[in-house]
Amino acid sequence: MKKNITAFLICTGGPESKKKTIVELQNQKLVDKSCLLTISSIKENFEGTQLFKVDNFFSSNTIKLINENTKTPFALFVTQDAEIEFGQFCLERFLSIAESSEAGLLYSDYYDIKDGSMTLHPVIDYQLGSIRDNFDFGPLILLRKESLNNYLKNKNAKYKYAGLYDFCLNISREYPVLRIPEYLYACKETDTLESGEKIFDYVDPKNAEVQLEMEKAATEHLKKINAFLYPEFKEVKDFDQKFTFKASVIIPVKNRAKTIADAVNSALKQITNFPFNIIAVDNHSTDGTTKILKSISANDDRIIHLIPERKDLGIGGCWNEAVHNSNCGKFSVQLDSDDLYCDENTLQKIINVFDAEGCAMVIGSYKITDFNLNEIPPGIIDHKEWTAENGRNNALRINGLGAPRAFYTPILRKLKIPNVSYGEDYAVVLAVSRLYKIARIYEPVYLCRRWEGNSDAALSIEKQNANNFYKDKIRTLEILARQRLNSEKPGKI
């Protein structure tokens with residue numbers, strides 16, 4: 001059997017830490033040789049392997065090194081410092097599909113090994129919109145040597161952190177990127193962060209240099225697929241709609257008896273120089289939320305308590321009910337049913353930005369707290385990666401854009417919000433940003449409470465996959481829309 005694969009393994013400790021995986025590779029008939037990649041200086045080496053010192057595991061130089069040391073048709077890259085156990089005919093299956101499909105990159109479902117037990121770890125299919133830099137290929141990817149050659153032949157970029165990401169984007173433009181929906185290997189888990197913690201990694205100030213590189217790679221990719229938008233925006237015109245209120249605080253709610261009174265009172269305390277109201281869309285609560293809202297609204301006519309006739313509404317659908325209500329104000333401002341405004345000036349600050357900027361949307365910054373409003377890590381989420389020049393392009397790479405989100409109501413009425421309960425906010429922000437200017441507030445004006453009952457709680461891998469697949473699909477649809485926009489009027493809106 002021909003040895004068609006060269007293996008490369010990340011090694012953060014000594015070579016002995018990779019012994020089990022290396023022995024497994026040496027027993028694979030398709031593997032020509034195994035190479036260890038290390039950042040630190042290590043003199044000793046494991047017998048039968050080559051040791052290479054690199055500047056960063058995912059740099060452009062590392063991609064170049066892998067290419068130079070791959071004399072076989074394929075390179076196997078183990079992208080985590082993890083223990084890998086290869087399943088029955090694992091590499092044979094990878095190679096068979098690679099040779100019959102012309103794929104440039106292949107990955108598969110796998111098993112997690114934790115505390116001696118093995119659990120399923122499915123991944124999701126790659127699509128046009130899978131351009132976020134944290135796409136989960138799993139710890140094992142098979143790369144076509146030809147794709148490495150083509151990437152390096154046409155590339156001048158030198159990334160310290162975004163080399164592998166840039167390479168994967170390049171592959172997606174030139175070759176199929178295929179997932180094998182089979183559990184072909186097992187990985188001993190090393191990342192113990194809960195899903196709720198991982199989602200904020202990209203806003204950590206310590207990662208600013210990394211994020212700038214990722215943004216540069218993503219921006220270049222969008223230009224090459226004709227989905228890049230220049231900072232030119234449609235004017236936000238008066239849609240000739242009459243409004244009694246200048247602003248409405250929108251609170252979609254279902255079964256939040258524990259928090260809804262706090263949220264509504266936070267809105268009632270707002271001090272403004274304009275009339276506003278609160279539209280609470282009660283999505284058929286069964287836990288006492290309805291009774292609480294009826295009691296509060298009976299004592300303050302600024303509260304509009306809506307119970308939709310429809311029974312099929314997600315959070316986005318509840319927003320549509322509020323926005324299309326005749327009592328909705330000129331600007332629609334978010335307040336989730338378990339969150340609070342930072343102080344009594346939040347609403348005025350947001351509307352001041354609309355008045356000053358003439359924008360279609362304002363996005364604030366928030367502070368993460370526990371249920372009792374004590375700040376918890378990572379603290380303030382300000383999304384300073386957003387820039388006026390490139391924010392709407394970079395928005396396709398990241399998973400969120402901040403809170404609270406506020407909209408010029410006529411545009412929101414025109415766009416409509418997807419009737420789902422995850423990603424509906426992200427979808428509408430992308431749609432707004434395609435044509436209109438979005439303004440930002442970088443100081444915290446919102447308190448996002450994390451507790452066992454809300455959507456930031458730790459998620460199962462299946463739920464994470466469903467969420468990620470939906471957001472990737474939203475990105476796919478948005479990229480297609482932007483490509484069409486550019487094809488109709490190249491480089492302009």
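Reader: Where is the place of Pro 378?

Author: Pro 378 sits in strand S16. This is a predicted model, in which local features need pLDDT of at least 70 and side-chain atom pairs count only at pLDDT 80 or more, while totals for chains, interfaces and linings use all residues. Residues are numbered from 1 along each chain as its sequence is written, and side-chain values use heavy atoms, with hydrogens and water left out.

Reader: What is the peptide bond from Pro 377 to Pro 378, cis or trans?

Author: That bond is cis, with omega near 5°. Another cis bond runs from Ala 403 to Pro 404, with omega near 0°. Pro 404 is in the loop between helix H12 (391-394) and S17. Most peptide bonds are trans.

Reader: How do you know that S15 and S16 pair, and in which sense?

Author: Two strands pair if DSSP finds at least two bridges between them. S15 and S16 have three bridges, so they pair, in the antiparallel sense. One of these bridges joins Thr 369 to Glu 375. The hairpin of S15 and S16 has five residues between the strands, and Leu 373 in that hairpin has a positive phi near 75°.

Reader: Which strand pairs with S15 in the parallel sense?

Author: Strand S18 (residues 438-449) does, over eight bridges. Strand S17 (residues 405-408) pairs with S15 in the antiparallel sense over three bridges. Ile 363 takes part in both pairings: Arg 405 stands opposite in S17, and Arg 440 is the bridge partner in S18.

Reader: Why is S15 called mostly covered?

Author: Eight of the nine residues of S15 (361-369) are buried. Buried means under 20% relative accessible area, exposed means over 50%, and partly exposed is in between (1.4 Å probe, protein chains only).

Reader: Why is helix H14 called largely enclosed?

Author: Nine of the 12 residues of H14 (residues 424-435) are buried, so the rest of the structure largely encloses this helix. Among the buried residues are Glu 424, Tyr 426 and Leu 430.

Reader: What makes Phe 89 exposed or buried?

Author: Phe 89 has a relative accessible area of 56%, which is over 50%, so it counts as exposed. Phe 89 lies in the loop between strand S5 (83-86) and helix H3 (90-101). Its phi is near 55°, a positive value in a residue other than glycine. Most residues other than glycine have a negative phi.

Reader: How many disulfides are there?

Author: The count is zero. A disulfide here is a pair of cysteine sulfur atoms within 2.5 Å. For Cys 168, the nearest cysteine sulfur is that of Cys 187, 17 Å away, so Cys 168 is in no disulfide. The sulfur of Cys 187 is 12 Å from the closest cysteine sulfur, in Cys 90, which is too far for a bond. Cys 168 is buried at 9%, and Cys 187 is buried at 3%.

Reader: Why is the pair Asp 109 and Arg 179 called a salt bridge?

Author: A salt bridge is a side-chain nitrogen of Lys or Arg within 4 Å of a carboxyl oxygen of Asp or Glu. The side chains of Asp 109 and Arg 179 meet at 3.0 Å, N to O, so the pair qualifies. Asp 109 is in strand S6 (residues 105-114) and Arg 179 is in strand S9 (residues 177-188), so the pair ties together parts that are 70 residues apart in sequence. Asp 109 is buried at 2%, whereas Arg 179 is partly exposed at 22%.

Reader: How many salt bridges does the whole structure hold?

Author: The search finds 22. One of them joins Glu 83 and Lys 20, at 3.6 Å, N to O. Glu 83 is in strand S5 and Lys 20 in helix H1 (residues 19-26), 63 residues apart. Lys 20, Glu 83 and Glu 85 are linked in a network of salt bridges. Another salt bridge joins Arg 434 and Glu 478 at 2.7 Å, N to O. This pair links helix H14 with helix H15, 44 residues apart.

Key:
Helix = DSSP H or I, 4+ residues; strand = E, 2+ residues; numbered from the N terminus.
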